[in-house]
Amino acid sequence: MVQAKPASPIYGVVIPDGYRQWELVAPALEHEPLNELRSVLGNKTAIDAYRAGSLPFPDGTVLVKLAWKHIQSPEFESALVPGQATTVQVMVKDSKRYPASGGWGFGRFVDGKPVDEAQHETCFACHEARVKSRDYVFTRFAP
């Protein structure tokens, strides 16, 4: 019997298979209080939309953000490198399934398990308040 993947509360989003092989959308450095290095990866639908510069993103777009605490490199004193992994966050565009959240479903996972419902309740509100004009997506495609 195949065991179901853990899904996020509210949205039912899971960590997608094979996401580590997806293309890089952009890296980011998050300062206080999180102090994280982040990389956003996108599936082919996401990358095609970014390259075309088209908004809104089409249904089928999936973005995955990987985050780590940053630490100083032991080999190169001016470099920050990934330390302990903190979260994997997922956004899935499906306008029929998620009409109340701009067409996006959200998932935040720690150690492969979804965080609680209270944390997921904050996802859309944050994206709506800051990046509604960009189809609720913070990450810009890195050149």
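Asparagine 35 is placed in the loop that joins β1 to β2. In this predicted model, asparagine 35 has a positive phi of about 50°, although it is not a glycine. Its relative accessibility is 23%, so asparagine 35 counts as partly exposed.

Most residues other than glycine have a negative phi, and most peptide bonds are trans.

## Further backbone exceptions

A cis peptide bond also runs from leucine 55 to proline 56, with omega near 0°. Proline 56 belongs to the loop between α1 (44–52) and β3.

Aspartate 135, a residue other than glycine, has a positive phi near 55°. Aspartate 135 is found in the segment after α3. Because its relative accessible area is 9%, under the 20% limit, aspartate 135 is buried.

## Buried polar residues in the strands

Strand β4 (residues 80–93) contains threonine 87, which counts as buried at 15% relative accessibility. The side chain of threonine 87 makes a polar contact of 3.1 Å with the side chain of glutamine 89. Beyond its neighbours within four places in sequence, threonine 87 is in contact with Lys65, Leu66, Ala67, Arg108, Phe109 and Val110.

Serine 39 lies in strand β2 (residues 36–42) and is buried, with a relative accessible area of 17%. With neighbours within four places in sequence set aside, the contacts of serine 39 are Leu24, Ala26, Pro27, Val64, Lys65, Leu66 and Trp68.

## The buried side of α3

Helix α3 (residues 123–131) has Cys123, Phe124, His127 and Val131 among its buried residues. These residues are on the same side of α3, because they cover an arc of only 85° around the axis. An α-helix has 3.6 residues a turn, so residues three or four places apart point the same way.

The cover over the buried residues of α3 includes β4, β5 (104–110) and α2 (117–120).

The largest pocket holds about 670 Å³ of space. It is lined by 27 residues, of which Arg38, Lys65, Gln89, His127 and Phe138 are the closest to its centre. At least two lining residues come from each of β1 (23–30), β2, β3 (62–72), β4, β5 and α3, and β1 gives the most, with 5 residues. By class, the lining of the largest pocket comprises 15 nonpolar, 6 polar and 6 charged residues.

The second largest pocket contains about 170 Å³ of space. Its lining is formed by Ala49, Tyr50, Gly53, Ser54, Leu55, Phe57, Arg134, Val137, Thr139, Arg140 and Phe141. These divide into 6 nonpolar, 3 polar and 2 charged residues.

## Tryptophan 22

Apart from residues up to four places away in sequence, tryptophan 22 touches Pro16, Asp17, Leu41, Gly42, Asn43, Val62 and Val64. Between the C-alpha atoms of tryptophan 22 and proline 99, which are 77 residues apart along the chain, the separation is 26 Å.

How values were computed. Residues numbered from 1 in each chain as written. Predicted model: local features only at pLDDT ≥ 70, side-chain atom pairs only at ≥ 80, totals over all residues. Heavy atoms only, no water. Helix = DSSP H or I, 4+ residues; strand = E, 2+ residues; numbered from the N terminus. Buried < 20%, exposed > 50% of the residue type's maximum accessible area, 1.4 Å probe, protein only. Polar contact = N/O pair within 3.5 Å; in protein donor to acceptor, adjacent residues only side chain to side chain. Contact = heavy atoms within 4.5 Å. Arc of directions from axis to C-beta. 1 Å grid on protein atoms, 1.4 Å probe; cavity = no way out; pocket = protein on both sides within 12 Å on 5 of 7 lines; lining within 4 Å. Points joined across faces, edges and corners; volume = space filled by probe spheres on them. Nonpolar A, V, L, I, M, F, W, Y, C, P; charged D, E, K, R; others polar.
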